[in-house]
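Here is a short briefing to read alongside the structure. Have the viewer open and follow along topic by topic.

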Amino acid sequence: MKKWISFALALILAFGLAAPAFAGLDAAPVYETPYADSAFFSFGDYTLHYRVKQAEEAKGQIMMLHGFAESTFAWENLSELLVGAGYTCVLVDLPDFGYSSRETRGTEKLPREELIHALMTALSPEPWYLAGHSMGGYVALAVAETYPQSVRNLLLYGTSGNDGAPAFAKSIMSSAFLAELMGPLMELAGRSRLLVKLLLLAAVQDRDYVKNYDLDKMMDPFRIKGTGAGAIYNFSMLEKTDYDLVARMRPILFMNGDRDKVISDSARVNLRASLPQGSVDHIVAGGGHMFIENRADEAAAVTLAFLEANP
């Protein structure tokens, strides 16, 4: 039952070297530019929205992948601290989320790992630190497994290894009726300020933080048609984690909140057991699933210590 509650919470939340100065890639935006630093990258039938936060120093470059039902906004607080410490951060919206393009019946589907890798190599030939939160952690793991030459170290927050999409998500995608029904329902839920606020509170475990939260930044992408259906498709098609490959990677930063209501400790067992030698396994006391936002100071301090130890 706890696993079902955890998945339901994650699902309803839709309603988890020298760094060069990057120039914007030549691609036409699909949607109105949402941020002053928004840029767009086209690859195949997809257009990815991303934001470059350039550091004055040149300690390294970090590609940051958000979680389910989130967007680049989730990294706002943490990225500012990392940029201030000399690390250029690139925040990217995964396909079907944020302001990246939505999948349609006419879309030639490509693995999201291929899309992220294409953006990484287009921006810089140097290896990246690859950060992932929640579902973005699953994607980051898969990118590192498939393209190890492009990844220095993984920075994983509020996530686990992916042992396969939940049966609930698979059952939705196997039924044309359910897939057509759930997409619009999720989009409607994502436009309910009360529901989103309640679930945000459950995710961050911090009433004061939620009181001052810019809900529009989280909710605006759900006004884009196709967001709900795309979210379900994404969740059902995530790549399973190869733990043998993980164990042979460079050291990994693995951070989690001890009050996470979305991903349980039992879900992290396999990844924790496979962490390479030299990895850091840090628990944020009192941290919820989205501790990268309201506990950004602690997350940044641990991250910077790890980065300094793994140049």
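In this predicted model, helix H10 spans residues 227-236 and is mostly covered, with nine of its ten residues buried. The points below start with that helix and go on to the sheet and the cavities.

**Helix H10**
- The buried residues of H10 include Thr-227, Gly-228, Gly-230 and Ala-231.
- Ile-232, Tyr-233, Asn-234, Phe-235 and Ser-236 are buried in H10 as well.

**The sheet**
- Eight strands form an open sheet with mixed pairing, in the order E1-E2-E4-E3-E5-E6-E7-E8.
- Strands E1 (38-43) and E8 (280-284) are at the edges with a single partner strand each, so one side of each has no neighbour in the sheet.
- On average, neighbouring strands of this sheet are turned by 20° against each other, direction ignored.
- E1 pairs with E2 (residues 46-53) in the antiparallel sense over six bridges, and Phe-40 stands opposite His-49 in E2.
- Helix H14 (residues 296-309) lies across several strands, among them E3 (60-65), E4 (87-92) and E8, and runs at about 165° to E7 (253-257).

**The cavities**
- The largest cavity holds about 50 Å³ of space, and its lining has five nonpolar, one polar and three charged residues.
- Among the residues lining the largest cavity are Glu-70, Ser-71, Phe-73, Lys-217, Met-218 and Glu-293.
- The second largest cavity has a volume of about 40 Å³, with a lining of five nonpolar, three polar and three charged residues.
- Glu-70, Ser-71 and Met-218 also line the second largest cavity, as does Thr-227, one of the buried residues of H10.

Conventions: Residues are numbered from 1 along each chain as its sequence is written. This is a predicted model: local features need pLDDT of at least 70, side-chain atom pairs count only at pLDDT 80 or more; totals for chains, interfaces and linings use all residues. Side-chain values use heavy atoms; hydrogens and water are left out. Buried means under 20% relative accessible area, exposed over 50%, partly exposed in between (1.4 Å probe, protein chains only). Helices (H or I, at least four residues) and strands (E, at least two) are DSSP runs, numbered from the N terminus. Two strands pair if DSSP finds at least two bridges between them. Axes are lines fitted to C-alpha atoms, for helices over the stretch in contact, and angles run from 0 to 180 degrees between N-to-C directions. Contact means heavy atoms within 4.5 Å. On a 1 Å grid over the protein atoms alone, a cavity is a set of points where a 1.4 Å probe fits but cannot get out, and a pocket is an open set with protein on both sides within 12 Å along at least five of seven lines; lining residues have an atom within 4 Å of a point. Grid points are joined across faces, edges and corners, and a volume is the space filled by probe spheres set on the points. Ala, Val, Leu, Ile, Met, Phe, Trp, Tyr, Cys and Pro count as nonpolar, Asp, Glu, Lys and Arg as charged, and the others, Gly among them, as polar.
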